[in-house]
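Reader: I am new to this structure. Please take me through its terms one by one.

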Amino acid sequence: MGIVAGLDSSPDFTRIVVCDADTGAVLRQGYAPHPLETAEGGGRPSDVDPQAWLLSLGEAAGGGLLEGVQAIGVSAQQNALVPMDSQGNTVRPALVGGDKRAQVAAADLIDRLGSREAWAEAVGSVPQAALPIAKLRWLARAEPENAQRVGLLMQAHDWLVWQLLGRPARRTTDRGGASGTGYWSAASGAWRPDLVELALGQQAVLPEVLGPGDAAGTTPEGLIISAGTGETMAAAFGLGVQAGDAVVSLGASGSVMAVHHEALVDSSGAITSLADATGMHLPVVHTLNAVRALRGTAEMLGLDGGPEELSDLAMKSTPGAHGLVLLPYLEGEKTPNLPHTAGTLSGLRRESMKPEHLARAAFEGMLCGLADALDVLRGRGVQVRRVFLLGAAAELHAVQAAAPMLFGTQVVVPQPADYAAIGAARQAAWALSGQLPMWQGAATQVFEPGEELPVGQAVRQQYRAVREQIHPGAFA
């Protein structure tokens with residue numbers, strides 16, 4: 001029996017799982033927060049010294065956690081840009097997260113290449129503030145002296161893999177992580193150094209892109225380090241999603257991604273074309289409003305229990321919420337592309353003006369918005385036979401009751417687990433054995449639309465009618 005480990009370096013912490021290489025059974029676990037200072041005004045900092053990730057890793061691995069481990073896989077936060085000089089020293093702290101400083105830089109990049117469509121054709125995504133390429137452009141404009149010193153570009157998981165291997169001359173990444181940079185094309189499988197130069201003003205060395213199952217190297221002690229990947233790709237691999245599966249993530253905002261056999265080029269920019277950790281592709285569609293619509297409605301109704309209490313209240317209503325429809329575009333919306341709009345509450349009648357109907361409309365509005373995103377993928381030929389529902393809100397009764405009928409397919413809710421770390425461990429097992437490990441998938445609750453499918457279709461139609469009335473041609 002082999003033993004492998006997967007570590008997930010998220011924005012806030014490092015989590016490590018040690019697994020049986022043959023079965024995927026979790027044998028032991030470690031955890032440590034990142035030693036980060038709170039940003040001015042609260043929240044996460046936009047600039048982080050990568051050494052914080054190493055310190056957290058060392059603490060999480062303490063107490064002999066990695067004893068007997070033969071291979072390690074690394075998952076890490078996406079969108080973290082580590083600018084380095086030609087000697088391998090960091091030029092400045094890493095730029096992480098959805099860095100609002102780069103919003104103007106993202107718009108500038110769109111103008112410099114000509115259009116959103118040109119970017120979608122080039123790399124499968126349109127620049128936005130979170131992407132490394134936008135941060136690179138911000139660096140060139142805001143810190144030109146630092147930008148001139150940049151000779152090498154890495155992301156968080158690239159940098160951690162490199163550190164674990166003792167900072168060798170060879171620098172590597174994987175296709176999943178590379179696909180989220182804004183300067184690698186999932187369609188062609190190649191870097192776009194011309195776009196790096198467009199953003200930075202000069203060329204920079206980019207890591208070698210490894211294939212699925214490849215090892216990045218071996219430590220002097222004989223420990224295999226796999227290619228590593230981004231958190232999204234690692235979580236999908238840990239869940240065991242495959243062709244025909246979609247994953248709907250319920251955070252403050254939402255995302256829908258699915259496993260597909262080819263990269264999707266979407267000239268509108270609605271689809272971000274990512275690569276996964278297995279050689280397949282992960283087209284993703286984002287919405288700006290998911291659980292934030294539930295929280296806002298709970299506050300509006302004076303519910304101290306938040307989405308949980310809102311769910312209980314919604315279950316006292318019925319599908320369709322007595323004609324009440326909420327378009328949950330509270331922060332504008334990305335899908336459909338309505339960046340400057342606001343939410344809409346429609347269908348107010350005396351009989352519908354009850355708290356339970358507004359609660360139900362909030363859940364249906366959130367899920368119909370995500371179903372719209374799911375339909376964007378379906379419209380491009382992506383097969384969806386079941387939907388994995390992730391996030392704390394996936395445990396809410398109102399979500400589990402409404403999602404199958406509104407998505408029109410089987411919905412599975414995995415039990416909570418460290419899926420990104422598990423996916424990293426599975427990648428390590430692949431590098432160790434040379435074969436894709438057939439680990440058992442996540443334990444789930446399964447919900448079927450059953451006889452309520454026509455009811456769900458009627459609710460979707462009610463939602464579409466309001467959306468088309470308020471925002472005609474939004475999905476033209």
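Reader: Arg-92 and Glu-143: buried or exposed?

Author: Both Arg-92 and Glu-143 are buried. The word means under 20% relative accessible area, with exposed over 50% and partly exposed in between (1.4 Å probe, protein chains only). Arg-92 has 8%, so the residue counts as buried. A word on the source: this is a predicted model, where local features need pLDDT of at least 70 and side-chain atom pairs count only at pLDDT 80 or more, while totals for chains, interfaces and linings use all residues. Residues are numbered from 1 along each chain as its sequence is written, and side-chain values use heavy atoms, with hydrogens and water left out.

Reader: Why is Asp-47 called partly exposed?

Author: Its relative accessible area is 30%, so Asp-47 falls in the partly exposed class.

Reader: What makes Asp-47 and Arg-92 a salt bridge?

Author: The term asks for a side-chain nitrogen of Lys or Arg within 4 Å of a carboxyl oxygen of Asp or Glu. The closest N and O atoms of Asp-47 and Arg-92 are 3.1 Å apart, so the pair meets the rule. Asp-47 is in strand E4 and Arg-92 in the loop between strands E6 and E7, so the bridge ties together parts 45 residues apart in sequence. Helices (H or I, at least four residues) and strands (E, at least two) are DSSP runs, numbered from the N terminus.

Reader: What is the N to O distance between Arg-92 and Glu-143?

Author: It is 2.6 Å, and these side chains meet in a salt bridge. Glu-143 lies in the loop between helices H4 and H5, 51 residues from Arg-92.

Reader: How many salt bridges does the rule give?

Author: The count comes to 18. One of them joins Arg-467 and Asp-372 at 2.8 Å, N to O. Arg-467 sits in helix H15 and Asp-372 in helix H12, 95 residues apart. Both belong to a network of salt bridges, which also includes Asp-375 and Arg-460.

Reader: Why does Asn-289 count as buried?

Author: Its relative accessibility is 3%, so Asn-289 is buried. Asn-289 is in the loop between strand E19 and helix H10.

Reader: What does the side chain of Asn-289 reach at 3.3 Å?

Author: The backbone oxygen of Pro-328. A polar contact is a pair of N or O atoms within 3.5 Å; within protein, one must be able to donate a hydrogen and the other to accept it, and residues adjacent in sequence count only if both atoms are side-chain atoms. The backbone nitrogen of Leu-330 lies 3.2 Å from a polar atom of the Asn-289 side chain.
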